[in-house]
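Hi,

Here is the structure I promised to pass on. Open it in your viewer, and my notes on what turned up follow below.

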Amino acid sequence: MFVELLINKNRFNIKQVYFMDDVFTSSVEWLEEFIEKYKSKINLPFYCYVHPLAVNRKIASLLKKGGCYLVGIGVQSGSERIRKEVYKRFESNEKIIETISYLKENDIKIQVDHIFGAPTETEDDLIKSIELYRKIKKEMILTFWLTYYPKTEIINTAKKLNILSNKDLE
């Protein structure tokens, strides 16, 4: 990876790098080695994606040391119920707040992703999302409408709730 980054950095005068993989921070050992090499060979500011369960104080510090200026986090919903029941994501709002606090301690900006249109989503779920996003003081929210992909569990949920018909699925 470093060879490609170095070649392209020089060839195209790249000013920053995006790492779009939410398992980027899942291994502290790998990240330590990566940051050391990245800092010595590439040394460009970067943006990365993280999973809320894959950031602790040490990881946030490593990201800052490497030149990370912005982190994207797929929160999807401020409603724990929606995250658990619909998206099968089990991080609590407290964990999301904790993760973001580690990043903020290191002056890393925050972008969260939110998905609208979850099956069974209520006004109360949306209010919980607003409340969470106010607490975390993020710089950006990227919003998306839920996309139903074939052969996924969420399709079956939507069919059971009469949100999608067989005709819709055709």
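Helix α5 passes helix α6 in a right-handed crossing, where right-handed means that the near helix is turned clockwise from the far one by less than a right angle, and left-handed means anticlockwise. By the way, this is a predicted model, in which local features need pLDDT of at least 70 and side-chain atom pairs count only at pLDDT 80 or more, while totals for chains, interfaces and linings use all residues. Residues are numbered from 1 along each chain as its sequence is written, and side-chain values use heavy atoms, with hydrogens and water left out.

Back to that helix pair. α5 covers residues 93-105 and α6 covers residues 123-136; helices here are DSSP runs of H or I with at least four residues, strands are runs of E with at least two, and both are numbered from the N terminus. Their axes come within 10 Å and cross at roughly 25° (axes are lines fitted to C-alpha atoms, for helices over the stretch in contact, and angles run from 0 to 180 degrees between N-to-C directions). So α5 and α6 are roughly parallel to each other (angles under 35 degrees get that label). On the α5 side, N93, I96, I97, I100 and K104 make the contact, and on the α6 side L132, K135 and I136 do (contact means heavy atoms within 4.5 Å).

Next, look at α2 (residues 28-41) and α3 (residues 57-66), which pack at about 15° with their axes 9 Å apart. That makes this pair roughly parallel too. Here the crossing is left-handed. Among the contact residues are V28, L31 and I35 of α2 and I59, L62 and L63 of α3.

α2 has another partner: α1 (residues 2-12) packs with α2 at an angle of about 25°, axes 11 Å apart. Which residues meet there? F2, L5, L6 and K9 in α1 meet F34, K37, Y38 and K41 in α2.

Now for the rings. The structure holds 14 aromatic pairs (rings of Phe, Tyr and Trp, its six-membered ring, pair if their centres lie within 6.5 Å; planes under 30 degrees apart are stacked, over 60 edge-to-face, the rest tilted). One of them joins F24 and F46 edge-to-face, 6.1 Å centre to centre with 65° between the planes. F24 sits in the loop between β1 and α2, F46 in strand β2, 22 residues apart. Both are buried (under 20% relative accessible area, with a 1.4 Å probe and protein chains only). Ring pairs also link F2, F19, F24, W30, F34, Y38 and F46 into a cluster.

Cheers

Notes
Parallel < 35°, antiparallel > 145°, perpendicular 65-115°, else oblique. Buried < 20%, exposed > 50% of the residue type's maximum accessible area, 1.4 Å probe, protein only.
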